[in-house]
Structure formats: C-alpha cells, structure tokens
Amino acid sequence: MSEINILWVDDEIDILKPHILFLEKKGYTVSTCNNGADAIDMCDEHNYDIVFLDENMPGLSGLETLTEIKSKRANLPIVMITKSEEEYIMEDAIGNKIADYLIKPVNPHQILLSLKKNLDHSRLVSEKTTSNYQQEFRKIAMDLAMVNSYEEWIEIYQKLVYWELELENISDSGMIEILESQKQEANSLFFKFIKKNYSDWIHSNNNNNNDAPILSNTLFKNVILPEVKKSKGTLLVVVDNLRYDQFNILEKTITKYYKKEEEIPYFSILPTATQYARNSIFSGLMPLEMEQKHPNYWKNDTDEGGKNLYEEDFLQAQLKRLRVDIKAEYYKITNLKSGKQLADNFNGIKENDLTVIVYNFVDMLSHAKTEMEVIKELASDDKAYRSLSNSWFMNSPLLEMIQKAQNLGLKLIITTDHGTINANVPSKVIGDKNISSNLRYKTGRSLSYEDKEVYAVKNPKEIGLPSISINSSFIFAKEDYFFAYPNNFNHFVKYFKNTYQHGGISLEEMIIPCAIFVPK
C-alpha cells in the first residue's frame, strides 16, 4: 500500500491518541489539529488523502470547515464525526458531499472501515468482481455447452451483459478480454441456434402455437396491448437501435421516476433492420404480409423513398384488425427541435389511451460513428458507446417526457426494434447491381458469398420476407462480420471496420428489451 496521509481534526484530539496509534501501526500517516481554521490552512499546504472532521468545535464548526475545504478541494474525501444525531446536521453534511458519517464515540475499527470504504473501495470492488466473474465464467461456459432454447439464450445474454457492465468499472483488462472471448463464443453458438430454429419460429407464430419466442410481429398484440387495456393511459417509447446494455444504463435514471413492473425480452425478426423490424412491431405482421396486405405502405430495399413513413398507418390498421377501440396517438422524434416541442406540449396527451413515441437518436449515433471522425473517437468501443448514449439520454427531451408522464400517472413501456453490433470482420460478397446496401444482410439475385459466414435463405417466403425480384434470396451475416465487395476491398474494410451495424444475427441485435414501468 502506498503511503496514505490522513488529517484528523478534533478539539479533543489528545483523547484520540489510541486511535491514531492504531492507524499508524496499520501503516497510515496521521496529522492532527484541534480547530477548523488550522485544518483549512493545513489542507492548503498539504495533499491529504482523507480528512476526519469533528462537527462540534469552538470557532469554526465542522460544517463551516467542511464547506471551506470543499470549495478548494472538491474531490477530497471528508468523513464527518459528531456526537449529535440531529437530522439537519446529517442532511447538511450529506448535502456538502461528505464521504462518510460517524457518530461518537467511534472505535478504531469503525475508522479503519471508513478508510477502506473510501480509499480502498475501487481495489476491493475490483478484486471481488474479478473473483465473482471467474466463478460465473465457468458456469456460463457450462451453460453454453448445453443451451438449447430461446429462454436459455435470453438468460445467458442477460448474464453476459450484466458482467460486461460490472467489469467495465474495474481496472483488470485481462478479465474484460476473457469476457469478450466468451461473448464471441456465445455469438458463434447463437448463430448456429438461429440457423436451426428461426424458420420454425416463423411458422409457429403463423400457426399461433407457443413454440416460438415473442417476435417483432407479435410484440404489440401479446405484450403491449394487454398493458394498455388494463391502464388508464400508457406511454410507449420505442428507442430505435437500443441494445440491452444501453437499456440497462438508461434504466438507472428511469427508475428515479418509475418502478419496473416487468421485463419481457423479445427477439427482433430478421433482418434486424429498422424498415423490417419496426414496421413489423406497428403492423403486427411479417414483412411478406405487409407487402401483401398493405402494398401502398410497404417498400422493399431497392424501392425509392423512405421505408418507415407509414408506422402510424400500420398501427391504426393493426388496432382495427384486432378490433380494439382506443384513442392512440403516434409521434416520431428525429431531431432536438421536435423533441423539445413535444416535451413542451406533453400535457396534451393525457386523454390518450396510448401515446407512442418513436425516438431515433441512438440509430443516428450508430450511423454517425461510421461517417464522423469525432464520433469514432467518442464511441471507440462498447463502453464509450454506452456512455455517449447515456449522456444523450440524461440531457434529452425524452427524459423530460418520462418525468412528465410520471406526473400524469401514465404507465410507461420502453422497448426498441433491434440492437446493433460493433462489426469487425469482413466477409466477401458479390451480387448484381440491384443488391441491397446494408452491411449485415444482403438481398438480391445471383449472390455469391462464403457459406460458413452467413445464414442463407434461398426462398425468402420461408421466413416471412418478400422477394425484391424473381430468384432473389437473403443472406445474414453472423457474429461481428460485415459484408464487403471484392472491388476496392481494402478501402471498404478500413472505412467500415469497428463501426456499429445491424441487420444480421447476433445476441446484441436480436435479443432486445421490452420493460413495463409504473409511476413511483
């Protein structure tokens, strides 16, 4: 342990001599003084690691001394020690961001515990987290060897996300590398699982049996609508392109205003892309059915024009098909101005049975990482990507809307259409000039590709997808692969490597959150 310098301030400091000797035997260096004015001067002159401060002293009180020291050294941990248990003193001390609060008489072990908690906290947490993950690593490895159902895959992915968020707070890069390796293995096995089972899921859903998970096209009918029916008002927020790890970070803020009632992970349909998955949520249909029943709303990859312009029409058509008579309003937020405008007029939605907000920021962020150097720097890896997403959310009109929804007593449902993955491995593909442009899936005729790197579907109708032309097929990239053309291959790979993409098959893209909250 490097030398730790403590300042102990107490007008009866001589009585505390045994405590000071105890700490010095433990290797700490302790300086002392008996009044607030001297304490302030000593903090100006020396770089202490922590201060123990008596609250009740003649002259400057402990609270006054605390305020003065904090004004100069805001990050210096200060532990308040007092005889009084009066609530206002505790509140004032906590308001001034004390590191700890001890009631006299204190014993040496209380002091030692406070030191450990404040100065050794990160090391102790790091060691415990590492130890716990090492144990969990073996269990996850055993589970991966036996996983055979979509429920088990949800459980494994949630565990991996949990440990990813735990390990990002420690300094052991070796553990993070082990987790990344385990995630890669999981995605490799998950890809094989999807290839084997996905077509059966689509047929199960079409036949209304329960062998399939909740998919994009059954989410509204099976999860969202039942909640709307039993509530006086519901706010449904669909944050485009929101991964499970990002949701878990945002949830920490949401739970200041809402209590989570239930979490229902579900699977995005393939392709895990907005025009397919989000249209499927609002229509309650697979893309092939959308093309057949609503040809005026549906556009294929190679068609001109926006692909998600009719989500509100799809929603109203689904409500009519399900014979549900409710007042529902839909809003799509694609920029700060429209977000602020809705937040400012939010009380206007209080008479709705269902208010739907589609929020597009996270998708814009993932695309910006491809196109803008500054975003590449700010979101260089998943940890930074999460942090940037959280920074946006904490300062967004969306958070203001959630706060207002709580005040209106609305139930809150937060979900997404698909996730995204940091693509790193190029996979060569060749097709005709009408091949689709997405980097994680391709559709078109005469596709040439590496068999082991894709899930190929020769007949798109088998998985509920339309064909853009006769003999066109779909291919979906596995794990963190992305498609690249042989022409100008190196330039293409350099430009798109380590960018966030979606449309293919990975845990991050397919297993996504839907959480139901009630106001606190």
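Angles under 35 degrees count as roughly parallel, over 145 as roughly antiparallel, 65 to 115 as roughly perpendicular and the rest as oblique. In this predicted model, local features need pLDDT of at least 70 and side-chain atom pairs pLDDT 80 or more, whereas totals for chains, interfaces and linings use all residues. Residues are numbered from 1 along each chain as its sequence is written, and side-chain values use heavy atoms, without hydrogens and water.

The axes (lines fitted to C-alpha atoms, for helices over the stretch in contact, with angles from 0 to 180 degrees between N-to-C directions) of helix H9 (residues 216–229) and helix H13 (residues 311–321) come within 12 Å and cross at roughly 80 degrees. H9 and H13 are therefore roughly perpendicular to each other. Helices (H or I, at least four residues) and strands (E, at least two) are DSSP runs, numbered from the N terminus. Contact (heavy atoms within 4.5 Å) is made by Phe220, Lys221 and Leu225 of H9 with Leu315, Gln318 and Leu319 of H13.

Strands pair if DSSP finds at least two bridges between them. S13 (residues 425–430) pairs with S15 in the antiparallel sense over two bridges, and Val429 stands opposite Tyr449 in S15.
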